[in-house]
Amino acid sequence: MYKVYNQAMKKHTQIAIIILILLISGLLGFCISLYQHRLHNPISSRVLGDVQTIETFHYPALFVKQLTGDPKAGEKIFKQFCTSCHGNPPVIDINAPRIGDTKTWQLKRQMGMPTLMKITTEGLGAMPARGGCFECSDEQLRETIQYMLNQSDAR
């Protein structure tokens, strides 16, 4: 009788230990995921706390329409569409000419605006047609190219 009781207790103890291990591992996994979330989202977890983050939307047609007649349209279009690849440093490094690189842009200037416009409107290498600004008019693209040239002049 004692032997049967001992075996039953041993089996129940094993089951309890397995359940305890599963609970601890689940709790540990949950704690690690919270830590990772805070690590990868420092603004939302540390600064904003429980405040919901605001989503932003990109409306290129509205953006470009608002630039009509704006003397800084070239600069604004550059910052919105071109800086990812042509910034200094670029966000996406695909060996595109960086703004401010005097030597490279001096060579581009020698190509002339018609050639630069052709490259911009048709695309070249990784650059999409119209530099990705399909809503931009040719005049706005010219202003953007001119802005890039001006920012890259030797001073």
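Why is the sulfur of Cys85 too far for a bond with the closest cysteine sulfur? The sulfur of Cys85 is 8.8 Å from that closest cysteine sulfur, which belongs to Cys82, whereas a disulfide is defined as a pair of cysteine sulfur atoms within 2.5 Å. The model is a predicted one, in which local features need pLDDT of at least 70, side-chain atom pairs count only at pLDDT 80 or more, and totals for chains, interfaces and linings use all residues. Residues are numbered from 1 along each chain as its sequence is written, and side-chain values use heavy atoms, with hydrogens and water left out.

The protein chain contains 7 helices and 0 strands, giving the pattern α-α-α-α-α-α-α along the sequence. Helices (H or I, at least four residues) and strands (E, at least two) are DSSP runs numbered from the N terminus. Of the 155 residues of the chain, 23% count as buried; the term buried stands for under 20% relative accessible area, exposed for over 50%, and partly exposed for values in between (1.4 Å probe, protein chains only). Among contacts between residues at least 6 apart in sequence, 47% join residues at least 24 apart, a contact being heavy atoms within 4.5 Å.

The search of the whole structure for disulfides returns 1. This disulfide is formed by Cys133 and Cys136, with the sulfur atoms 1.9 Å apart. The link of Cys133 and Cys136 is right-handed, with 75 degrees about the S-S bond. Cys133 counts as buried at 1% relative accessibility, and Cys136 is buried with a relative accessible area of 3%. The sulfur of Cys82 has its closest cysteine sulfur in Cys133, at 7.7 Å, which is too far for a bond. Cys82 also counts as buried, at 14% relative accessibility.

The expected span is taken as 1.5 Å times one less than the number of residues. A bend of about 55 degrees occurs in α4 at Gln80, the bend at a residue being the angle between axes fitted to the seven residues ending there and the seven starting there. The buried residues of α4 are Ala73, Gly74, Ile77, Phe78, Phe81, Cys82 and His86, and they pack against α3, α5 and α7.

Helix α7 (residues 138–151) also has 14 residues, but reaches 20 Å from its first C-alpha to its last, close to the 20 Å expected at 1.5 Å a residue. Within α7, Gln140, Leu141, Thr144, Ile145, Tyr147, Met148 and Leu149 are buried. These buried residues pack against α3 (60–66), α4 (73–86), α5 (102–111) and α6 (113–122). Ser152 is located in the segment after α7 and is buried, with a relative accessible area of 2%. Not counting residues up to four places away in sequence, Ser152 touches Arg98, Ile99, Gly100, Asp101, Thr102 and Trp105.

The structure holds 2 aromatic pairs. Rings of Phe, Tyr and Trp (its six-membered ring) pair if their centres lie within 6.5 Å; planes under 30 degrees apart count as stacked, over 60 as edge-to-face and the rest as tilted. Phe63 and Phe81 form a tilted pair, at 6.1 Å centre to centre with 55 degrees between the planes. Phe63 lies in helix α3 and Phe81 in helix α4, so this pair ties together parts that are 18 residues apart in sequence. Phe63 counts as buried at 19% relative accessibility, and Phe81 is buried with a relative accessible area of 16%. The rings of Phe78 and Tyr147 have centres 5.6 Å apart and planes at 50 degrees, so that pair is tilted. Phe78 in helix α4 and Tyr147 in helix α7 are 69 residues apart, and the pair links distant parts of the chain. Both Phe78 and Tyr147 are buried.

The largest nonpolar core has 19 residues, and those with the most contacts inside it are Phe63, Val64, Ile77, Phe78, Phe81, Cys136 and Met148. Each of α3, α4, α6 and α7 supplies at least two residues of this core. A nonpolar core is a set of buried Ala, Val, Leu, Ile, Met, Phe, Trp, Tyr and Cys residues joined through side-chain atoms within 4.5 Å. Phe81 touches His58, Pro60, Phe63, Val64, Gly131, Gly132 and Cys133, not counting residues up to four places away in sequence.
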